[in-house]
Amino acid sequence: MDLELRHLKTVRAIAEAGSLTRAATALGLAQPALSAQLKRIERALGGALFVRGREGVRATALGDLVLDRARVVLPAVCGLQEEAVRFARDGAAGHRLGGTHGPLLGGLVDRLARAEPDAQVTTYTSWSEREVARGVAAGRLDFALVGVCGESSPPEAGRLAWTEVARDPVYVMLATGHPLAARPQLALAELAAADWTDVPGDGCFGDCFAAACVRAGFTPARVYETDTASCVHLVQVGRAVGLCRATFPATPGIVTRPLTGTPLVWRHLLGWHPEGRAAARAATVLAHTREAHAEALARSAGRTGDPGARPGPPPGP
């Protein structure tokens, strides 16, 4: 029998689990099947890899040698696979953009389409900044356009190159008929009795919002978590208030107002893999992204924010 990567993964799983029973469960195998597979691996390698005991298994000297090599080989093969995917896909013409929902991503697509009319531009959107970043790290996407709260680190910070596009103060959005809508600026504490609406997110914005409310002397009584369009609707009908960014387009039935003291800040970030071929286009895409942000600000005509406002990351870049 020739040794294969799956055999090294099996040996690693047994060592990490500490017993054949737990390893079989983790691998989705019956224990007899795993035991038989281990015996075949041991025959191929010329000796026992583990000593069985009442408390589980312990690696032999040969087992330690195999595990040491597996810890080098398996990550290397995984890295090779990711690099090959990036090489195969990054070389293709066009731009594959990933982002959370919002006007900035659309503005970037528009600018790239104008600047490179023959290039294909595709997008992938998700409420999860981490999912988008993983897509770039794995070579499925060229660029990630996401946002983070304040000085928080972006996802996949150790694998992707990130550059700040812009930073916006976080505003509050209200129904036009809200009692505070006529005010030019609001203190967060003035909304202590309000219900809020948000969309899912996997960053720290929800915690940052909660901390800002505590500093203002209250805890939100109710939060409606739903999709972006529903968040906008709940604000329009006066059911809730939300948070938004400076790129929020003028929307019927909604006004946006700055918060006194700027208790929350949102940073727009563009990320790419530093070793991918898309890295050569990063400076150009970054310039387009910054121009798209400036255009979005101009279109907002003083009504800053983002329609997916939330006590969680304001959705979309």
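Guide: A salt bridge here is a side-chain nitrogen of Lys or Arg within 4 Å of a carboxyl oxygen of Asp or Glu. The model is predicted, so local features need pLDDT of at least 70 and side-chain atom pairs pLDDT 80 or more, while totals for chains, interfaces and linings use all residues. Residues are numbered from 1 along each chain as its sequence is written, and side-chain values use heavy atoms, with hydrogens and water left out.

Visitor: Are arginine 96 and aspartate 142 buried or exposed?

Guide: These two form a salt bridge, with the closest N and O atoms 2.7 Å apart. The pair links distant parts of the chain, 46 residues apart: arginine 96 lies in strand E3 (residues 95-99), aspartate 142 in the loop between helix H6 (129-137) and strand E5 (143-149). Both residues are buried.

Visitor: What is the relative accessible area of arginine 222?

Guide: The partners sit 27 residues apart, arginine 222 in the loop between helix H7 (205-216) and strand E9 (223-225), aspartate 195 in the loop between strand E7 (171-175) and strand E8 (196-198). Arginine 222 is partly exposed, because its relative accessible area is 45%.

Visitor: Which residues are linked in a network of salt bridges?

Guide: The network links Asp110, Arg111, Arg114, Glu291 and Glu295.

Visitor: Why are H1 and H2 called oblique?

Guide: The axes of helix H1 (residues 5-17) and helix H2 (residues 20-27) come within 8 Å and cross at roughly 125 degrees. Axes are lines fitted to C-alpha atoms, for helices over the stretch in contact, and angles run from 0 to 180 degrees between N-to-C directions. Angles under 35 degrees count as roughly parallel, over 145 as roughly antiparallel, 65 to 115 as roughly perpendicular and the rest as oblique. H1 and H2 are therefore oblique.

Visitor: How far apart in space are threonine 60 and phenylalanine 50?

Guide: Threonine 60 lies in the loop between strand E2 (56-59) and H4. At 18% relative accessibility, threonine 60 is buried. Threonine 60 and phenylalanine 50 are ten residues apart in sequence, and their C-alpha to C-alpha distance is 5.2 Å.

Visitor: What distance separates the C-alpha atoms of glutamate 83 and glutamate 275?

Guide: Glutamate 83 is in helix H4. At 46% relative accessibility, glutamate 83 is partly exposed. Glutamate 83 and glutamate 275 are 192 residues apart along the chain, yet their C-alpha atoms are separated by 8.4 Å.

Visitor: What is the phi of glutamate 156?

Guide: Glutamate 156 sits in the loop between E5 and strand E6 (161-169). At 23% relative accessibility, this residue is partly exposed. Glutamate 156 is not a glycine, but its phi is positive, about 55 degrees.

Visitor: What is the phi of threonine 262?

Guide: Threonine 262 is in the loop between strand E11 (254-257) and strand E12 (265-272). Its relative accessibility of 40% makes threonine 262 partly exposed. Threonine 262 is not a glycine either, and its positive phi is about 45 degrees.

Notes. Helices (H or I, at least four residues) and strands (E, at least two) are DSSP runs, numbered from the N terminus. Buried means under 20% relative accessible area, exposed over 50%, partly exposed in between (1.4 Å probe, protein chains only).
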